[in-house]
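Thanks for coming. I will go through the aromatic rings of one model, and then turn to its surface.

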Amino acid sequence: MGSPFGSRKINNYCAFCRSPHWHYRHRNLGVLHIGISLISSVLISLYAFGELDTRLTLFFVVGLFISEIFTQVRWRLALACRQCGFDPVIYKKNPADAVKIVKAHLDRRQHSSMALRPLKLPVLSSHRAQALQKTENQPRLSKQI
Ligand SMILES: [Zn+2]
């Protein structure tokens, strides 16, 4: 059953292993979520105090805060690939850390007793591997501002 406001999830493929992958569309709260939080706080105020009380502002702000944290954590946890462990956010910040995480995930996956679907990992030619080895051995240049 689809949402009248569009799908909450985006289907695409992992950038590393090309496995089918989905993640949540919204990283932050939208207008609909703010409206639901406002209506909920009004209903809570009417139920708790019998009238519209100024304390509904507290319910509204706390509800928004909790919803925003939940939405961001949910978006962030669903972003990493479940098959290979590739995380585009970590890769963008520090590619070396992303490589370590993917290697660790693939090692765990290889030693796992569960029957898993084989991955379509990128094939590295010997020429490209030598070029990458040379760049890894070179000292990194610091960013100049
Ligand atoms: Zn993947």
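Does tyrosine 24 count as buried or exposed? Tyrosine 24 counts as buried, because its relative accessibility is 12%; buried means under 20% relative accessible area, exposed over 50%, and partly exposed in between, with a 1.4 Å probe and protein chains only.

Some housekeeping. This is a predicted model, where local features need pLDDT of at least 70 and side-chain atom pairs count only at pLDDT 80 or more, while totals for chains, interfaces and linings use all residues. Residues are numbered from 1 along each chain as its sequence is written, and side-chain values use heavy atoms, with hydrogens and water left out.

Now the rings. Rings of Phe, Tyr and Trp (its six-membered ring) pair if their centres lie within 6.5 Å; planes under 30 degrees apart count as stacked, over 60 as edge-to-face and the rest as tilted. That rule gives 4 aromatic pairs. Tryptophan 22 is partly exposed, at 29% relative accessible area.

Phenylalanine 49 and phenylalanine 59 are stacked, with 6.4 Å centre to centre and 25° between the planes. Phenylalanine 49 is partly exposed at 30%, and so is phenylalanine 59 at 31%. Ring pairs also link Phe16, Phe86 and Tyr91 into a cluster.

Charges come next. A charge sits over a ring if NZ of Lys or CZ of Arg is within 6 Å of the ring centre and within 35 degrees of the ring normal. Lysine 9 lies over the face of tryptophan 22, 4.3 Å from the ring centre. Arginine 74 lies over the face of tyrosine 24, at 4.0 Å.

Last, the surface: isoleucine 66 counts as exposed, at 52% relative accessibility.
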